[in-house]
Amino acid sequence: MVYGIGLAKGMSVTLKTLIGPAFTVQYPDRRVGVIGAARAYGMSTPGLIFKRPIKAIRAVLGFERVEVRPTQAARFRGNEFTWYEDRCTGCASCAKYCPLGIIKIVTLPGGTNVQEGESYAIDTFDIDTGRCMFCALCVEACPYDALHMGSSFERSNYQRMSLVLSKDDLIAQPKHPSTWFRPQMEDQDYSPFGETLDDIKKAGRHEMPSVEDLTQRWVEDRRTDVKDDSDEKAED
Amino acid sequence: MPLKTEPITINVGPQHPSTHGVFRMRVTFDGEEVVDVEPIFGYLHRGSEKLAESRTYTQVVTLTDRMDYVSSMTNNLSYILSVEQLAGIEPAPRGVWLRMIAAELQRIASHLVAAGFFFQDLGALGTPLILTMREREQILELFERLCGARITASYMRPGGVFMDAPEDFWPALNRFLDDMPAHVDQFEELVSGNEIVQARCDGVAVVDSQTLIDASVTGPMLRASGVDWDLRHRQPYEYYDRVTFNRPLATASDNYARFIVRIHEIRESLGIIRQCIEQIEPGPVRPETVPALIRPPVGDSYVGTECPKGELGFYLVSDGGVAPYRCKVRAPSFINLTLLREMLIGDKLADMFVTFGSIDINMGEVDR
Amino acid sequence: MPSPFDSILYKYVYCTLSSTGDAECVGNGLFGGGLLPGGLEWLAFLLTAVIMVAAIINGVLGGVLLMIWGERRLLGRFQGRTGPNRWGPFGLLTPVADAVKTMFKEDVVPTVSDRFVFTLAPILMLFPALLIYAVIPFGAGTWMADINVALLFIIAIGGANVLAILAASLGSGNRYAMFSAMRAVAMLISYEIPLVISLIGVLMLSGSLSLVDIVDAQTIPFFIVQPLGFFVFLIASMAELNRTPFDVAEAESEIVAGYMTDYSSMKFGLFFLAEFAATIATSGVITAVFLGGWHGFDPIPSQFWFVAKMVAVLTVIVWIRASWPRLRIDQIMNFAWKALFELTLINLVVSGVLLLIWPSPSTTELWYMAGINWVVFLVSVYIFGRVLGPKHDPVRSGNFQDVTLSNSDAPALPAGGRD
């Protein structure tokens, strides 16, 4: 049959996807059956049925749900900012560099370091995340590594006003700085999702890694790959 | 006695499921056949070119992300090349290779969007679309590893890229390169032999190559009519002269040809990425001599690059300040759209949207 | 001569309601329940009819709810994603959520519309879809009415959706609706002819229009004996139901829901309901006429077999919807008049000749007829495919899938062009 083979091929592809697994990531929670529930609670399936029978019945009927965290990269630019107030000098480079001009900084005379000149005490530091496009140019601009992008994205609110992060909000919220433009954090094997980074000294300062550093790191990784390839070729 | 008929004008409005973005057409029909088309756009105009005049050169990168929002890395690349030519900056080699990898990944993502939505317009109700979006999801996760954002990347800076790729990027990229060819084959198998697709697309909206050249159309639309014109090959920029790739050419120049050329280009891009991975060397991704705030000397520059939709170029005029004096974007979607009327007249209502989808335009780029 | 007492539902309800000494109940071996005093048999009949209708309609609507859930889950799985699984266990309450949403929406009536026709259209669409269920036999003895012109009744009623679509677009008064209605009406009336003629083969084999008799006559299921009829009936009924690949009436990517664009709230809900009810009814008819109805293997009740076969037909319909894009209206018309019509005529002639050779065939003779019919089916579909299939015009487009990979540095433009 000339007219029809292509159509049948199309139908066979959909049949294969029917039988195969679904690739949906069900967020924030997904329904689990008995085996999935057992795995989620760390028990074996018969263990779940005997020790927690109600949960097993709920799982069979389709009522049991398990929370799902989406996978995120360490560099993810989330909908929040992490600000270390001890490091911020009020230089307002971030405010100058923002393309949208949403950072508002008001400083007062600080009263310290009178010999070298007045330092700034920060009175207002507002970031309007309602208008922010999270381009992280402000993070790039900060010379003291005081401002970082955050990693959280579940920050919906009922009012537009509460999207403006004031200085107290920034100080009070948990600090999960993303590693965007902070390669020193990637060196430390820091994951912004597991831990908060309240200690500013651990946050480090960004310095461009040196060429020797990069060469050493990259060439070493590459060497193991090359070794595997050459082993396979030697076997042939 | 002949039946008296009257043509009818309908407004395919800015809100429509099939116009890729906010695009309006006033179409005059005689029955089902299109007699006249008047495209009306500008619904997404955000004044990007004017805004660029009051932003520094680095801040304009964030504006370029949002022009063709489906392929932001290639927009970044085109703009940055223009800035480098204007300011006389020599980019760092590792930055150039990373830029090429990002641009080719973005080309694959953009072609996947074009292919998926082409079938959505044909009426396939989402199955091919879901398959292509699944693949694009992997590319967007790679971008998230690389630069923190999935769609609006702002990854490139004059002289190279912003930050080196993290160490878990390369294994993920290799996994992607291993998985992708099978999925492209699966997608092509789903749709290529399908007789309904053939019957709908074969010989519809054929444009001959001379018309295309006269209208300055570039990109897959031109290559689907047999003209071997690809800027990566004819006017190589970056290190495209150090990689070898083929250009898929079709001669039919109908809807299906434009679509199938893009599928083959996805395969070619996969090859280019593999060659980039082999040739990339460690080093800084941006030369240390590039200042954070660039003041290029007085002059102008234009670099045309091959973005997934055609030739994209930024014409930058500098007056010595920190912001461009004028930033004019040669948007391929806008130029390709000028042929819409010629392509649609004579076809049926059902073909209108398929043709529109096969040109593969993005309203963010048309309107800027 | 079929009597209402063949139907189990009728038997038990009537005799429970009627008086103890009811002659018809006694004559059929049942004793009345005696809820009504003697002399009120007409009331018992009326109440029985009302109860049966209520039962069938509620069953139908429950089936529609299940089908809404089933189709969305199945479509999702065909596309590699999970379907709706949030509301209720396995997502089974999703149609309830759908219904609640539909009911709470604002009922918008456009000002330029013809209000009476606008409101009438969804009712006109649902009414015939529900009427068909009166004659479908859901199992041995499980039907509402066994009239001896059931097939004719079904086809006559099924033609009313044309009127409904025309009324909807006329009432809406907008151009998209007009477009979709013109296409839909042309398509629907064109596909009614292959629909009807493909049934004539079955009619000749079973000798009766009643669905119960057709099921009884299927010692082998008729899709084996009449493959061409089954093939054409399946395609034509998908066109009658406005399902992909024939859903030009509501082509979402072109005309944004077509004739249903201006409907909101429960009127849209009625259209939606009518489409699903018609789909289930049509698959019920296909099961009864071609797949052997309720015949199955013994310990499992016949109603289960009927429902299982119906679900299989529905799955195939949803599978086709998930896999193929939409045809253009002129291609649909070509297909109906140039391919399906001729195929049904061939089927008619061949079936007629075979029945002349073997009038009132036994099972082995049915197998012979099946063999000959299959040969005719494959040969004629092949020939029609070659003649009407996609053409390759060597002058113009010639090379449908030719893509050459160029790696040369030759000039870009074809000979004679400038560079």
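This is a predicted model: local features need pLDDT of at least 70, side-chain atom pairs count only at pLDDT 80 or more; totals for chains, interfaces and linings use all residues.
Colleague: Why is A:His148 called buried?

Modeller: Buried means under 20% relative accessible area. A:His148 has a relative accessible area of 0%, so it is called buried.

Colleague: Where in chain A is the place of A:His148, and which residues is it in contact with, leaving aside neighbours within four places in sequence?

Modeller: A:His148 belongs to strand β6 of chain A, residues 147-149. With those neighbours set aside, its contacts are A:Phe81, A:Thr82, A:Tyr84, A:Val139, A:Pro177, A:Arg182 and A:Met185.

Colleague: What makes the approach of the A:His148 side chain to the backbone oxygen of A:Asp145 a polar contact?

Modeller: The side chain comes to 3.0 Å from that oxygen.

Colleague: What does A:Phe81 touch, not counting residues up to four places away in sequence?

Modeller: Its partners include A:Ile127, A:Phe134, A:Leu147, A:His148, A:Met149 and A:Leu165. A:Phe81 is also among the members of the largest nonpolar core that touch the most other members, along with B:Leu105, B:Tyr155, B:Leu173, B:Phe176 and B:Phe259. That core has 109 residues. Helix α4 of chain B, residues 93-122, gives the most to this core, with 15 residues.

Colleague: Which other core lies apart from it?

Modeller: Another core has 80 residues, with C:Tyr191, C:Leu199, C:Phe276 and C:Ala339 among them.

Colleague: How many residues does the contact take from chain C and from chain A, and what area do they bury?

Modeller: Each of the two chains, C and A, gives 25 residues. About 2200 Å² is buried between chain C and chain A, 60% of it on carbon and sulfur atoms. On the chain C side, C:Arg77, C:Arg86 and C:Trp324 lose the most area to chain A, together 26% of what that side buries.

Colleague: What is the count of salt bridges and of residue pairs in polar contact between these chains?

Modeller: There are zero salt bridges between chain C and chain A, and nine residue pairs in polar contact. On the side of chain C that touches chain A, α3 (41-78), α14 (302-323) and α16 (363-388) each supply at least two residues. The largest share, five residues, comes from α16(C). By type, that side divides into twelve nonpolar, eight polar and five charged residues.

Technical notes: Residues are numbered from 1 along each chain as its sequence is written. Chains are lettered from A and ligands numbered from 1 in the order in which they are written. Side-chain values use heavy atoms; hydrogens and water are left out. Contact means heavy atoms within 4.5 Å. Buried area is the accessible area (1.4 Å probe) that two parts lose on being put together, summed over both. A salt bridge is a side-chain nitrogen of Lys or Arg within 4 Å of a carboxyl oxygen of Asp or Glu. A polar contact is a pair of N or O atoms within 3.5 Å; within protein, one must be able to donate a hydrogen and the other to accept it, and residues adjacent in sequence count only if both atoms are side-chain atoms. Helices (H or I, at least four residues) and strands (E, at least two) are DSSP runs, numbered from the N terminus. Ala, Val, Leu, Ile, Met, Phe, Trp, Tyr, Cys and Pro count as nonpolar, Asp, Glu, Lys and Arg as charged, and the others, Gly among them, as polar. A nonpolar core is a set of buried Ala, Val, Leu, Ile, Met, Phe, Trp, Tyr and Cys residues joined through side-chain atoms within 4.5 Å. Buried means under 20% relative accessible area, exposed over 50%, partly exposed in between (1.4 Å probe, protein chains only).
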